[in-house]
Amino acid sequence: MPISRLSLLIKPRFMGFRNQIRLSGKSRRRKALVLAGLGLVFCGIIFFLSARVLLHFKSVEIIGDLLSHHLLSMILLTFFSLLIFSHIITALSNLYLSGDLQLCHAMPVSLEEVFISRAAFTLMDSSWMPMAFGLPIFLAYGYVYRPGPGFYLALIHMNLAMAVIAAGIGILVTMILVHVFPAQRTRDLIMLLSVMMLVFLYFLFRFLRPERLVNPESFFTVAQYMSALKAPQSSYLPTQWVSDTLWAALNGARPGSYVFNIALTWTTAAALFFINVWAARGLYFEGYSKSQEAKKRFSAGKRLLDYAVGVLTRPFGEDLGAIIGKDVRTFFRDNSQWSQLLLLGALIVVYVYNFSVLPLDKSPMRVEFLQNELAFLNMGLAGFVLSAVCARFVFPAVSAEGEAYWIVRSSPIRLKRYLWGKYAFFLLPMLCMAEVLIIATNRLLEVTPFMMVLSTLTMFFMVFGVVALGIGLGALYPSFKHQNIARVATGFGGVLYMIVSSLFIVLIVVLEAGPVYILFLSDVQGTTIAAGQWVFILLSFLAVLFLNALAVFWPMNMGLRALEQYE
Amino acid sequence: MIKLIDLTKEYRGLRAVNRVNLVVGKGTVFGFLGPNGAGKTTTIKMMAGILKPSAGRILINHRDLAEHPTLVKGWVGFVPDRPFVYEKLSGLEFLRFIAGLYRLNHAEKTENHILELLEYFDLVHWKDELIESYSHGMRQRLVMCSALIHRPKVVIVDEPMVGLDPRAARIVKNTFRERAALGTTVFMSTHSLEVAEEVCDEIAIIQEGRIIAQGTPESLRAKTGVDGNLEHIFLKLTEGKSIAHKPSFSSH
């Protein structure tokens, strides 16, 4: 297989990326720098938090190192499962749905070359983000354990091997599923994949039982605790080989002692590569050809959708209603969009499940303290869940117009009305989701009525800001030329949105922390609150309201201006 | 009906449209011709309110587009050169969506008008199919329907014949003539000089962002001294001489 032709097939992606950088204007370069800066800050926070946790673990005698090792295995297993599913989704678009595939298949290149080039794109698209955000955690291990250069070398090549293995599994699963299911039934295929992911995530969390890390003292003996920690490990899992290699390198073991694990990982990666190429000869083109066949006439659920659109668009008036109706129809007919609802379901199930298994009664801390601390933390965490959901659904709302944006632009609808209409449309479902999430988890934590009211109200106001950030930044960084709407959230603007909205949530929680602590202490200890403290409490809550208002109007105005000037 | 005053558009120092001045009367079919990259699409996008001019004004029905964008856009029907539409809607749903954007209510009258247009443009049998299964020509016809749905005073069309079969092309040409007879102004850019000759009352030729000639085909013939069809006039006015002297491929 000539390497030069393969590199030719891969080249356009890099050339496009290079041209984007080279030909981008000053403002775009500035934006990229800002994003890089924010990304570094975000990575810095992850690094700092990870290092704190690891230093704490290290201070625990006997089991401290075991905890760190276990945490490393958990992180790697989580990354690995995320990578596999990310590869399945990306492989579907890169191998079967991408617009330039027609050109590639029409060229005098072999099927293997097209397949390998697409698999390479899939590997790159799916891996860069988990790797980028995972790096600070691994670097924190390096900071705490001070290993030699062998660790960093192993970190690079073992993570790469793990990504290749995940790609191999993900792409193979995609090829088999597309082959088994007729192309017209991709909807069922994605449904199956999503349900599989739900089940997998559930088992993953049941296996890992993160709650056991909370309270080692509750175990009868150290030996019992250690055996419990060791339970989920499996010598057949590639993550175990990676974890053992990294751990050995971290502790300064001789490279000879972990070379077997390295060989095992890399031979698995190589074997999966060849198995994929071999499988592609039989499966890939047939699947691709099926996906090109004429689309099926739609009829299923049309009446129900018509009714839903009629109800949903009623409050919005003729023009805005038309846009929202179009968005709702497109959402439910586009597999890449509606299938994300299932992922959202998985996210919420896992989130709520975690709270249901927290062993509060085993904690050495007073229960009411812990419950309220967790309730407070829960506000932030629920905020992050909300951000993640908005990144998937709200942020791409403007980009969802795609290349048909000219219709909105040339129509008589005002952009201001258009943008605020999209905002209004997403507000209610996001409010419902966020409130249900916070109330359900608070009930599981059995928090005090004060914390329940405070977190419900905080979340209520936070939703206004988080949704506005999504719509506003989505308009500021629209991607009308996307090939797959699901990828908009992982682009430049999507990452920026996640960072900005996370910072917004952190700021809100930090602003409320002081006053809540004062109120909580006075309640528990029965002390009175001084006048100065009341002023501080009032100012803090006013600052929270101000920040919320800022988060609503600032991004919306910026987004509106950007859309008006979009050419 | 349409008046462009010193219309200019600059992209990073490059002047794509350079002080264009045009007046198009009511009920006229106006052909906008020019070589590739001359500034036709840029001008049309500015007239449709998609691009913001760097300088100059666009008046439609005596109203400035920049000052009254909503009002003016409500009078215009726009057909772009590439018919990007919402793939996941059916043809009928798409037209209802457009009717909603122009605030035409769901009355029977609108619904009937939509069906009439679908019938006229030979799409009625496909009305319940998702647009993603439409061919290029079908999409082009659908966008044509959407541009006429609100009975516009002005229709702006960028390359209307690309991808159309002869039957569809005939329908489009007839539509332009019929609408013009009813008082609608049609402003269209085209590469097809036969179409321009057949349909247009008046023509302007743009080159390197500037209008280099304007008038009826007859007046242009008289002005250039070329006694042939529009192609000869076009070549004479643009790059005719250089093309005429270029060696053909077969001579190599």
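Modeller: Two residues are in contact if their C-beta atoms, placed from the backbone, lie within 7 Å. This is a predicted model, in which local features need pLDDT of at least 70 and side-chain atom pairs count only at pLDDT 80 or more, while totals for chains, interfaces and linings use all residues. Residues are numbered from 1 along each chain as its sequence is written, with chains lettered from A and ligands numbered from 1 in the order in which they are written.

Biologist: Which helix of chain B gives the most to the side that touches chain A?

Modeller: On chain B, 26 residues are in contact with 26 residues of chain A. Helix 2 (69-73) and helix 3 (91-101) of chain B each supply at least two residues of that side; helices (H or I, at least four residues) and strands (E, at least two) are DSSP runs, numbered from the N terminus. The most, 4 residues, comes from helix 3 of chain B.

Biologist: How many helices and strands are there in chain A?

Modeller: Of the 567 residues in chain A, 37% are buried, meaning 20 or more other C-beta atoms within 10 Å of the residue's own. Among contacts in chain A with a separation of 6 or more, 84% join residues 24 or more positions apart. The count for chain A is 20 helices and 0 strands.

Biologist: Why is strand 7 of chain B largely enclosed by the rest of the structure?

Modeller: Val154(B), Ile156(B) and Asp158(B) point one way from the strand, and Val155(B) and Val157(B) the other way. In a regular strand the side chains alternate between the two faces of the sheet. Strand 7 (residues 154-158) of chain B is largely enclosed because its buried residues number 5 of the 5.

Biologist: Which strand pairs with strand 7 of chain B over 5 bridges?

Modeller: Two strands pair if DSSP finds at least two bridges between them. Strand 6 (residues 76-79) of chain B is a parallel partner of strand 7 over 4 bridges, and Gly77(B) has Val155(B) as its bridge partner there. Val154(B) is bridged to Thr185(B). The parallel partner over 5 bridges is strand 8 (residues 185-189) of chain B.

Key: A residue is buried if 20 or more other C-beta atoms lie within 10 Å of its own, exposed if 12 or fewer, and partly exposed in between; C-beta atoms are placed from the backbone.
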